[in-house]
Structure formats: C-alpha cells, structure tokens
Amino acid sequence: MSKVRVLVGTRKGAFILNADGKRDKWEVSGPHFAGWEIYHLKGSPVDPNRIYASQTSGWFGQLIQVSNDGGKSWGIPGGSITPVPGAMPKVESNKFVYDTTSPNGKPLTTHQWYDGTQHPWEFKRVWHLEPSYTEADTVYAGVEDAALFRSTDGSKSWQELPGLRGHGTGPKWQPGAGGMCLHTVILDKKDPKRIYIAISAAGAFRTDDGGKTWKPINQGLRSQYIPDPKAEVGHCVHHVAMHPSRPNTLFMQKHWDVMRSDDAGDNWKEVSGNLPTDFGFVIDVHAHEPETIYVVPIKSDSEHYPPEGKLRVYRSRSGGNEWEALTKGLPQSNCFVNVLRDAMAVDSLDKCGVYFGTTGGQVYASTDAGDSWSAIVRDLPAVYSVEVQTLP
Amino acid sequence: MIRVVLPQHLRTIAQVGYEVELEVAVPVTQRSILDALEARYPMLAGTIRDHVTQQRRPFLRFFACEEDWSLEAPDAPLPEAVASGKEPFYVIGAIAGG
C-alpha cells in the first residue's frame, strides 16, 4: 500500500507526518530543529528519502539541513574547506553569496526600498527549496533578498544564477510585507531548461535556457497599489502553481486577484469569478485533474484571516471563474488564522489528498479532493509550509 | 587549548557539549578563535559572523573574563586567562524576541 509523508515547516521547528494510503492514522515526529524557523522542506523526486530543509534564525542566520533517510536523521553537508596559504581554511557551508564575480556574475545593484529609495541587496534567508527532477544532488533555493541559487553537490555549496537579479528590472523590485522574497520555484519536468519563479513584490519570471537569461511574465496583471497598475514588474505575486502534465498553464494567487495563463506566463487573465474575496496566499492544482484548482480566500491585505471567521477552501473544477466553497470539517465560526503561500500541497493518490497548514498550528487534510476535511494535528507552531510526498 | 562556550542552538548544530576545546595559534584573538572553530565545525560557518563581511551577527555577543569583548577589534589579543585555557571564550545569544 502507498504511504504519504507530509513535511511541515513552522515558526519553531519542522514536523513530519506519516500515514499509510488510507490516510486516517498519522504518526507525528518532531519538532526537528526545535526553536528554529523552518521556512520550507521538500523531498527529492529522484530520491524521496533525500529531504532538504531551510532552517533560519535572526540570531544565527541560514542553514540548510539534509536528510537521506526520510527525515529520521539530519545533517548539514560539510561543505568544501578550501586551503588558503598562510591563513585558516575557507569554509563553504551554508554560504549564500550574491555572484559579483567576472565574467558571469552581476554587480550587486540596488532595489527599491519601502520608502521608494534604492537599497542594496542583502541576503536574509531561504524561503523555498526546489529539488531537481533528475539529480538528487541538485536543488534550487529561492532567497530573500530576491535571487535564485542552485547547488549541484547536495547543498555543500551554492551558486547564484545571477542572470535573474541582474537582468535589468531589479531596481524596480520592492519588498512586500514579508520582505523581498523569491518564494516560488517551478521546474518544468518536460523541459529542464525552463524554470518559473515568483517574487514579492516584483512578479513572475521565466527562463528558457536553464537560468542564464530571464524575462518578466506579468502581462495582464493589474495592481492598483503600484504607480502603473499594468507595469512590467512590481506586482506582488503570492504564489504560482502548475500541473506537471500542462507546463504551459499556470495559476497564480496574486496579492489581490486569482489569475491564469495558458501560454507559459506570457499573458494572464483573471479567474477570480465568484470568490468571496480574491486576496489570498496559497493556490494549488489537483494531482489528476489539471483544471481543478484550490485557493483559500483571505479577507484583505490588512486583515489576514478568512472572511466572516469561516475557514473555507474554494475549489474550481473549470480552471477558475466558477468556485465552490469546501467547508465540511473546517471551522465555520470564530476562525482567524491565515494560510501562508507555501502551506498547501496535494498527494497523488486516488482520490487526491489535499493538505494545508494554518498560522494557528493546524494541518488539515482531505482524502477526497476537498469534499471533507479533518485536522491531522491542531497545536503546532504557526505553519509556514506544507509539502507532501506520495511514497510506494 | 582554548575553551569556547557556545549558545544552545549552536551546540545542537555542531553536536557538541557545553564547551569545546580548540588548538589556536598565538596571538589568541576573536578572529583566530572563530577561524579555528569554523575550520573544526564547518557547519557553524556563517552562524556567528557573516560569511562575506566577517562581521559578528547583530544578536550575538562575545564575553571573556566577565567583560564584553563584542565591540573590540577582531584582532585584539584576548586576556591571558583565555589564551592559557584558564577561562573560556563565550559566544552569547542576545536576549531578544521573547
């Protein structure tokens, strides 16, 4: 029988939730890295027991932990220790340094600060880890301040893909409320050279040459909170989702507005339809139905909780515009939690399992594609991210 | 041997106890201690001082012989009691954040 492993990143550690294919009895392990902020964990599609975790702290900075046994044990890859004549060895572990080297790096330029002035790039943390479809040792990291890094040695060392930060629009990027973070990395299983990323608040970008060159893909987005609502960049994209079988179709939860593109992001149209509010953070796609998508509407940009205190997942079976509220098993009164951008995921069982975590510490699961929900756990620290592995 | 006391979170990361002992060439300074610490425990690189600037992280302090050395120059010699191993060099996490 298949198994399901849910990887949960929280404000005070990581938790791993395991169940068999029935998904009715769960074993909870954790906290791993107790006391640290765990922004994201994700397993390798090549080797599901290889899990990467972003561990961060305002005191001690950024670490990347790696497990090779499905999360039972963890370690920080030792990194290369480079001998330096006459000095102590130079250590590479956990080193995220913007590439300003010649000839391929880019000057450390500036981006727009909250007050409109220019501000230099400063590395703060890793928001998202995206392991490769083909190499277990290759993993991408989306970081704050926004840039994309890649490791090809299992996280021993990291190199920036500087073409993104330096392609030209950087001075117009600005931090959202959570910082200027690159929070979404989507790899195209059919085309290894194509990568989508999204940044708050800059927008979505695409490379078709493995990360050397990038283009903004924000045509059709409209954001009233920037001087030119239809600008090429500056949009606060909260999350983007794609079904692996349809790599040209993207779904986006923007600050406000749920959007859809059918041409790899070149053009977007709004599909918010009958949602009670089109503000929100998460968006995801059913594992087997590429036109079935899920969002969790949040009241507004200043009130980050569900409208009317009712926690509702909304599902569209038509790729947007027509939405139904899914409420069975979810609190329908006095609920004022948020669901953050990386905190929803699906398994690939039949029926499709859908999972999401809240800032109140609950992780909800549906084993019937959203028709009904139950809490796997209720009292974790605030949930930052949820990923799911479907295991043989 | 130089003795170094790390905050709890870094002990967990490095998988060490309350105190570690290091061989450090003289003169014993903040920089030479941290260089030796990172060389022996590479996973601590970047956790106490920035990878690039080598600046102390803002929420960490360095104490020795009941004095705060945080704002002293990284290459200033530390007290003889630290250099001889009689007293440890403390890396302390700031009390902040509740």
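Strands in these legends are DSSP runs of at least two residues, numbered from the N terminus. With that settled, welcome to a set of close-up views of a predicted model.

**View 1. A loop residue, Ala264(A), with a positive phi.** Ala264(A) sits in the loop that links strand 21 (258-261) to strand 22 (269-270) of chain A. Its phi is near 60 degrees, a positive value in a residue other than glycine.

**View 2. Asn334(A), another loop residue with a positive phi.** Look in the loop between strand 26 (324-326) and strand 27 (344-346) of chain A to find Asn334(A). This residue is not a glycine, yet its phi is positive, about 55 degrees. Asn334(A) has 7 C-beta neighbours inside 10 Å, so it counts as exposed.

View 3. Ser102(A) and Pro103(A) are joined by a cis peptide bond, with omega near 0 degrees. To find your bearings, Pro103(A) is in the loop between strand 8 (90-91) and strand 9 (110-112) of chain A.

View 4. Ala201(A) belongs to the loop between strand 16 (195-200) and strand 17 (203-207) of chain A. Ser200(A) is also among the residues touched by Val237(A), the subject of the next view.

**View 5. Val237(A) and its neighbours.** Val237(A) is part of strand 19 (residues 237-242) of chain A. It has 27 C-beta neighbours inside 10 Å and therefore counts as buried. Which residues does Val237(A) touch, leaving aside those up to four places away in sequence? They are Ala198(A), Ile199(A), Ser200(A), Gly203(A), Ala204(A), Met252(A) and Lys254(A). For Lys254(A), which is 17 residues from Val237(A) along the chain, the C-alpha atoms of the two are separated by 4.3 Å.

**View 6. The antiparallel sheet with strand order 3-2-1-31 in chain A.** This open sheet has four strands with antiparallel pairing. Strand 3 (27-32) and strand 31 (383-391) of chain A are the edge strands; each has a single partner, so one side of each has no neighbour in the sheet. From one strand to the next, the twist averages 15 degrees. Eight bridges connect strand 1 (residues 3-10) and strand 2 (residues 13-20) of chain A, in the antiparallel sense.

**View 7. The antiparallel sheet with strand order 4-5-6 in chain A.** Three strands make up this open sheet, and their pairing is antiparallel. At the edges are strand 4 (37-43) and strand 6 of chain A; a single partner strand for each means that one side of each is left without a neighbour in the sheet. The average twist between one strand and the next is 15 degrees. Strand 5 (residues 51-57) of chain A pairs with strand 6 of chain A over seven bridges. A handy pair to look for is Ile51(A) and, opposite it in strand 6 of chain A, Ser67(A).

**View 8. Where chain A meets chain B.** How many residues does each chain bring to the contact? Chain A supplies 20 residues and chain B supplies 19 residues. On the chain A side, strand 6 (residues 61-67) gives the most, with three residues. That side of chain A comprises 10 nonpolar residues, nine polar and one charged.

**View 9. Val363(A) in the largest nonpolar core.** This core has 140 residues, and Tyr355(A) and Val363(A) are those with the most contacts inside it. Val363(A) touches Tyr355(A) itself, and its other contacts include Val6(A), Val8(A), Leu17(A), Ile376(A), Leu380(A) and Val386(A). In soluble globular proteins, nonpolar side chains tend to be buried together.

**View 10. Stepping back to the whole of chain A.** One helix and 31 strands make up the secondary structure list of chain A. Its radius of gyration is 20 Å, close to the 21 Å from the globule rule for 392 residues, so chain A is as compact as a globular protein of that length. The C-alpha trace spans about 65 × 50 × 40 Å along its principal axes. Of the 392 residues of chain A, 53% count as buried.

Technical notes
Residues are numbered from 1 along each chain as its sequence is written. Chains are lettered from A and ligands numbered from 1 in the order in which they are written. This is a predicted model: local features need pLDDT of at least 70, side-chain atom pairs count only at pLDDT 80 or more; totals for chains, interfaces and linings use all residues. A nonpolar core is a set of buried Ala, Val, Leu, Ile, Met, Phe, Trp, Tyr and Cys residues joined through C-beta atoms within 7 Å. A residue is buried if 20 or more other C-beta atoms lie within 10 Å of its own, exposed if 12 or fewer, and partly exposed in between; C-beta atoms are placed from the backbone. Two residues are in contact if their C-beta atoms, placed from the backbone, lie within 7 Å. Ala, Val, Leu, Ile, Met, Phe, Trp, Tyr, Cys and Pro count as nonpolar, Asp, Glu, Lys and Arg as charged, and the others, Gly among them, as polar. Two strands pair if DSSP finds at least two bridges between them. Axes are lines fitted to C-alpha atoms, for helices over the stretch in contact, and angles run from 0 to 180 degrees between N-to-C directions. The radius of gyration is taken over C-alpha atoms; the globule rule is 2.2 Å times the number of residues to the power 0.38.
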